[in-house]
Amino acid sequence: MAGSALNPIIVLGATGSIGRQTLDVADRLDRTVVGLATGSLSNDIIDLAVRYPDARVAVAHMPDRTIDAALERRIEFGSDAVASLAGSPETVVVNGIVGAAGLEPSLAALESGNRLALANKESLLTGGSLVLAALESGGGELIPVDSEHSAISQCIEGESVDEIRRVILTASGGPFHARPDLDLAQVTVVDALAHPTWDMGKRISIDSATLMNKAFEVIEAHFLFSLDYEQIDVVIHPGSFVHSLVEFVDGVVKAELGSPDMRKPIQRALTWPGRMPAPVEPIDLLGSALMFSAPDRERFPALDLGYEAGRRGGNGPAVLNAADEVAVAAFLDHQIGFTEIVEVVASALSAVSPAPTATLADALEADAAGRVAASEAIAARASR
Ligand code: MG
């Protein structure tokens, strides 16, 4: 298994933010890219297919335009093609897919015994127990790419899970936490998209502003590190240079610090257990203040909703995530206000009955039910 860090790389969600940064890191490390996948056929994936002529290319959705014959021979279409690519043995699969479509390829990668560098949060939210079962049965490796979970995994390396008292996830707080004067019901899409530290996609920027992203990360930490929800805390750390901390039973606290740059956790997942040089900005310790504060759980109810969905287990996290995706899209589309995002998610969560997610079909059904319930909650608001 130690040799798996040198296996060639497959990038799922290759044209997205994580995918692009992964390709930058892979090129810089001189690692071979043997597979690329995206959701739909775009000029970007065609460009990548040309740039990596030896890579297998999979596109989940059938093309809605005619493409030249040479290109058509290069590209396999269909979501099965993406899962089959992820299951190519002896590879490192970086899953940067956005959405529940990322779950099946994650399972395929782990069932084939591959290293899965996981940035697709829906894999754990929609099918956390399935991912752990695939990890166990396939004998693969699961390495988180999210900066907080990458930090925790580095802090607990060589430690025993039984000796962890708690983990502390840091949150930047998004653009609104530091502004208690602001009426959140009135904030605009533009305000909410202005994330102070990380440059990210639209949905995750909104999820950071509501703290829903942190709620998701609490659930991810539960699955990744076998922790009870009582052992997972969240603190606001506007500096974003302490990426998370772990407190052990003897009171010792370990943390991972550094500049906020996603290429760092990506590279960590590609090179683990070793390290390679990277052109990452050094942290300016002398100019930094170690500031932490408690999250405002009343103004940002998404956080407690996340704990509630996580403790409910089964389909809870899947419904939470799917409903949030629909609610955020409605906010971005000016159909609902900022504070209504979490209200819609809360009503979806209570509308969908608890159920286990023992199979992929169960998980996808929970995802669909969360979407329907959120759409209904949005429609009910519109007609009021
Ligand atoms: Mg994160």
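Predicted model: local features only at pLDDT ≥ 70, side-chain atom pairs only at ≥ 80, totals over all residues.
User: Which residues donate to the magnesium ion, and are Asp146 and Glu217 buried or exposed?

Analyst: The protein donors are Asp146 (OD), Glu148 (OE) and Glu217 (OE), lying 2.1 to 2.2 Å from the magnesium ion. Of these, Asp146 and Glu217 are both buried.

User: How many residues apart in sequence are the parts that Asp146 and Glu217 tie together?

Analyst: The donor residues follow the spacing D-x1-E-x68-E. Asp146 sits in the loop between β7 (141-144) and α7 (147-155), while Glu217 belongs to helix α10 (residues 212-225), so the pair links parts whose separation in sequence is 71 residues.

User: Is Thr170 buried or exposed, and which backbone oxygen does its side chain reach at 2.7 Å?

Analyst: Thr170 is found in strand β8 (residues 164-171). Its relative accessible area is 6%, so Thr170 is buried. The Thr170 side chain reaches the backbone oxygen of His243 at 3.3 Å. At 2.7 Å, the Thr170 side chain reaches the backbone oxygen of Val242.

User: How do α13 and α14 cross, and how many residues of their contact are nonpolar?

Analyst: The axes of helix α13 (residues 316-332) and helix α14 (residues 338-351) come within 8 Å and cross at roughly 145 degrees, and the crossing is right-handed. The contact includes Leu320 and Phe331 of α13 and Ile341 and Leu349 of α14. Sorted by type, its residues are one charged, one polar and 12 nonpolar.

Note on methods: Residues numbered from 1 in each chain as written. Heavy atoms only, no water. Donors = N, O, S within 2.8 Å, 3.2 Å for Na, K, Ca; no water. Helix = DSSP H or I, 4+ residues; strand = E, 2+ residues; numbered from the N terminus. Buried < 20%, exposed > 50% of the residue type's maximum accessible area, 1.4 Å probe, protein only. Axes fitted to C-alpha atoms, helices over the stretch in contact; angles between N-to-C directions. Left-handed = near helix turned anticlockwise from the far one by under 90°. Contact = heavy atoms within 4.5 Å. Nonpolar A, V, L, I, M, F, W, Y, C, P; charged D, E, K, R; others polar. Polar contact = N/O pair within 3.5 Å; in protein donor to acceptor, adjacent residues only side chain to side chain.
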